[in-house]
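Student: Hey, can we walk through this one together? I'd like to start with helix packing.

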Amino acid sequence: MTCRDFRLKPPGLKETSSMAHQITCDGNEAVARIAHFLSDSIILFPITPSTPMGELSDVFNVQGKKNIFEQPVAIHQMQSEAGVSGAVHGALFGGALTTTFTTSQGLLLMIPNMYKIAGECLPGVIHCATRALGTHSQTIYPDHQDAMAIRNTGWCMLASSSVQEAMDLALVSHLTAMDCSLPFFHFFDGFRTSHEIMKIKEIPQEDVAKMVDHDAIERFRASCASPAHPEVRGAITGYETYFQSSEAINPLYNAVPASCQKMMDKVASYTGRQYHTMDYHGAPDAERVIVVMGSAAGAAAEAVDFLTARGEKVGVVNVRLFRPFDVEKIRDVIPATCKRVAVLDRTKETGAAGEPLFLDVCSAFASVPERGIQVIGGRYGLGGKEFSPTTAAGVFDNLALETPKTRFTVGINDDVTHLSIPTPERIDAVPEGTVQCMFWGLGADGTVGANKTAIKIIGNNTDLSAQGYFVYDAKKSGGLTVSHLRFGPQEIKSSYLIDNADYIACHNPAFLNIYKHKLVEPIKEGGSFVVNGRFSNVDEFGAAIDARTKRILARRHAKVYAIDAEHIAREVGLGSRINMVMQTVFFGLANVIPMEHAISLLKKEIEKTYGRKGKDIVEMNWKAVDASMAAIKPLPIPEEWANVEVERQEIDWSRPDFVRNFMDRVNTQTANELPVSAMPYAGRYPVSTTQYEKRAISTRIPEWNMEACSQCNTCAMVCPHAVIRPYLVDDKAYENRPFDSALPKAKGKKFKGLRFMIQPSPLDCTGCGVCAETCPDDALRMVDIAPVRDANVEKYEWAHALPLREELMDKFSVKGSQFQQPLLEFSGACPGCAETPVVRLVTQLYGKRMTISNASGCSVVWSATAGPSPYTTDGEGHGPTYANSLFEDGAEFGAGHVFAYTQRREKLMLEADKVLACKCDIPADLRSALEAWRASAEDGEQTAKTAPALIAALADESRYAKATCLESLKYLKMDQDMLVKPSVWIMGGDGWAEDIGFAGIDHIVASGVDCNMLVFDNGVYANTGGQKSKATPLGAVQNFARNGQEHARKDLAAMMMTYGDVYVASVSLSDPKHLLNCIKEAEAFHGPSLLVYNSPCINWGIKGGMTQMVNQSKLMVDSGMWNLWSYDPRRGENMQDKVVISSEPDFEKVPLVLESQVRFQSLSEARKAELHPKLIQDLKTKWANLNNLRK
């Protein structure tokens, strides 16, 4: 059966330079190359997954690459997407060809100006790597909710379905925007296309320049605003003319489909790749057709090829131009033989009659009833849910039913509203000869980076097609990454995850226990499985895996290999970065290219990648490569494993239902099959769940030397994951300890009769080493976990069950604070994270009555992964309640908490006053408790003491049933949650506080809202990968400041202090005593308080890694890079009384900071000579201004 293929080169086209040059890149780079060629100005704000497009434009500028107008592109980073859209509007108004990149909530912030730009017929371009919108929860993965949200703005909309298309249609969008004088929105699936690495054919800049209509550009510039020909735009019109003006631009939009096709034809004439605004692929006499947009078109096309080869009459339409929607084109491309069409939308419009693409197709065929086509509609792929050829086959099966389901979902099990259609047996539609490889890695172990290198080595040095896609869990570094790589002689258009692998590598031995048979389920007959671990023989390996894993490996005759990659990495000086070892093993075993050639290419890539970090780093990686192949150990699988009995899985009923039925499924990569009924209501997840994870990802843990320990509790204070804690042991517990070693007596009179113990949780430790590095007594050292794991697990479980003794010491002392239960534990933050220790400390002080408003950023990722929640509760079930709204509104969202709590509590006080004024007879204990509470009602700490007695006295309504003030008492009982005054904390990073959310913070401070704001000052947009923020120090290299930040950092704390009636402090973990005192003062202040916290970040490139987190913070303070001070208006009338400075800078130490961070060292020597003196002068100026306040 003949198929019409929309990817084949049309006959008659000649090879041009565009066909000759192939590159291996991801979708973001493909688009960024075109945007850079065709833009005067690129205006942006970082947001995942679109950020790399802007970063690459910045890189191109640094590399000296110019646009087709022979100019460097003017790149401007704004404070928010709302700011971006305003600036884009203004730049277009001024006659600059202007582009931006965005996604998701960022795109929504642009909508008001998008209407203006379209209404004024300005040819701007937005490239969007689509991403699901934040609704009940947030995700970084794709669907089309964001794109569909702007379909009414008047922007023309063009969709790409692959990396190659992303480059080609990016060009089409720019060319058509110029030709039509209308703005274009070019979108492609985030991550699935934006981060998928493919071997594609590049369009050279000289060809791009030839395709551009320079006359159209001249017309655009001539029509833009200038004092040389003044005019008025944005006028206010009356009702008389608005409607007509809206209709006047119809001819422009009517011309778009033809113009877009003309530009597609022009691109084809240079590249040989022919596109149409809508393309059909499949049987010419198809009876069943799928209509779809985006990356799903590739999977659907593979399904069509598979099914047509078996005689089925099916096809797929790939819709590229979505707005304006070409009604005639959709009718034309669908074969006349078609009887049924299934339109698939990657979005959901709650309450609508149907999703957008479905409604458009319905409308197109409603006026031609003679075609006799039944149109049905379904939703797929929300939030990145997989869409594979098997999924597409399920849609075709539904179409074939006598009575198909007309409104459906695909890829999920909807057991609530029963909209889902079944998924058939898996079909293998991958092109023959394709090698498929999977790599299970740990975030920050280098696995993803190594695999990106592998794809480029193979793609750029062979004739093979190459593809790479990467899946991440929701944790920071230290979470799971799974890399999916394909190589083959044929074009790869498989836009879905691998489920039939030739090669699988497990880069962390802990995964064998966590993911079990899930690791090897996709392995092919005769495939290879490689595990990083200390397995000297197959028996040791067998002891580490479950029976089902054994059966899969044996029955599929898998070849199994082991290598102790971490040992090699540590031997050559690379620490835990095993990427080069495992990449060498891959090249050696996968046989994609000859080994010697692969090693040569790999070493060249190492030099290219790490050269700027120094010769030592390069040579360490070379040594790792050289040592790897000889260290591989084959592990022949015993035949008897094929019939090993699969043990019945015992259910641990002590684990909560949510943990067993939801979180465990998320953590073992099996949540994809969860039905709709298993989902938490409205995105509300329980707390106290990370304690059940026990990920055991670290190969090293701290070992305590009790003889050297001074019992200062510093280790617990600095631990980012609340893993290591102090315990007080009474005589009875001590006698029943499950270990032989003695424990020292606890130091201090308050601890008489108690023993002291420091104990880590070995299965929760991330191995960061901050505790050992920071310990002032050298009483901790990092050791290999294997020999001590079981003993430490037993010790921890015993110690953790001991009673808390929080009352024995002042919780506002360093030592005493760490005897308080941490209500933040075992988060998914990066090993060595500086943000978590301060939040954990706040929970130890106020967590039992704490509510958190968290602006989006790193802190949301480690705070609120769906399932594992690190916030926990005390013995009475009290603890922090947490919520995230958006990135830009953290302060306003938190203010809303305060407004609500204040109103509710004022009502409680009103009712309390009614009761106390009433002369009726109520129980004496109730009256006494109410009087005590009312006297303390405005003091949070005191209400925590007085409210329990009042709650107890109100419990039995029969005791006061005859009281005249009964309704008031009932109200007090009904809203008793508010008797304890909540401690409201608003927190987020400097990207929020000093850029996108600054106006909110400013308004809260100016309005006197009684709340506490905690800013993690990383000096960088950490969560989106390291872009400069207004907190970036002068001279630091970050994305969008690749030649060094040229402006002084914003001093948020000093700025807010000028309001006067606000508590402000600049704090750091380097001085825990000062930090504790400032937290106490801030929370007690009746009004706004702001704590700006120095937060060393992985993006700084600290020498020695995040193990040096506290030491680095101390060095920052000692050198004057960070000053410790506080401003409290309660201290007196004069400024010198209100300001207390707790550090003294030694500017001679600034070079030590600069030498210890890659962000300063990666500058050229010339730029160092220019910027570093300016930095030091800025530090001296800021210090002088601060110091003058106390004089």
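Tutor: Helices (H or I, at least four residues) and strands (E, at least two) are DSSP runs, numbered from the N terminus. This is a predicted model, where local features need pLDDT of at least 70 and side-chain atom pairs count only at pLDDT 80 or more, while totals for chains, interfaces and linings use all residues. Residues are numbered from 1 along each chain as its sequence is written, and side-chain values use heavy atoms, with hydrogens and water left out.

Student: Okay. At what angle do α33 and α34 pack?

Tutor: About 135 degrees, with the axes 10 Å apart; α33 is residues 890-917 and α34 is residues 924-936. That makes α33 oblique to α34. Here's the scale: angles under 35 degrees count as roughly parallel, over 145 as roughly antiparallel, 65 to 115 as roughly perpendicular, and the rest as oblique.

Student: Is the crossing of α33 and α34 left-handed or right-handed?

Tutor: Left-handed. A crossing gets that label if the near helix is turned anticlockwise from the far one by less than a right angle, and right-handed if clockwise.

Student: And which residues of α33 and α34 meet?

Tutor: From α33 you have R905, L908, M909, A912, D913, V915 and L916, and they meet R927, L930, E931, W933 and R934 in α34. Contact means heavy atoms within 4.5 Å. By class, the contact of α33 with α34 has seven nonpolar, no polar and five charged residues. In that sorting, Ala, Val, Leu, Ile, Met, Phe, Trp, Tyr, Cys and Pro are nonpolar, Asp, Glu, Lys and Arg are charged, and the others, Gly among them, are polar.

Student: Now α2 and α3. At roughly what angle do their axes cross?

Tutor: Roughly 55 degrees, and the axes come within 9 Å; α2 covers residues 27-38. So α2 and α3 are oblique to each other. α2 passes α3 in a right-handed crossing. The contact of α2 with α3 has six nonpolar, four polar and two charged residues.

Student: Which residues meet there, in α2 and α3?

Tutor: N28, E29, V31, A32, R33 and H36 in α2 meet P52, M53, L56, S57, F60 and N61 in α3.

Student: What about phi for Q711?

Tutor: Q711 has a positive phi of about 65 degrees, although it is not a glycine. You'll find Q711 in the loop between β23 (700-704) and α26 (714-718).

Student: Is Q711 buried or exposed?

Tutor: Buried, at 3% relative accessibility. The cut-offs are under 20% relative accessible area for buried, over 50% for exposed, and partly exposed in between (1.4 Å probe, protein chains only). F1040 is not a glycine either, and its phi is positive at about 70 degrees. F1040 counts as buried at 10% relative accessibility.

Student: Last topic: which residues does UniProt list for "binding site"?

Tutor: An unreviewed UniProt entry lists C709, C712, C715 and C775 under that name. They span 67 residues in sequence, yet no two of their C-alpha atoms are more than 10.5 Å apart, so they gather at one spot. UniProt positions are given in the numbering used here, feature names are shortened, and annotations may be inferred rather than shown by experiment.

Student: What does C709 touch?

Tutor: Not counting residues up to four places away in sequence, C709 touches W704, K747, F756, D777 and A779. C709 is buried, with a relative accessible area of 12%.

Student: Which residues does the other "binding site" annotation cover?

Tutor: C830, C833, C858 and C1097, again according to an unreviewed UniProt entry. Although spread over 268 residues of sequence, they cluster in space, with a largest C-alpha distance of 10.6 Å. C1097 is buried at 7% relative accessibility, and C830 is buried with a relative accessible area of 14%.

Key
Axes fitted to C-alpha atoms, helices over the stretch in contact; angles between N-to-C directions.
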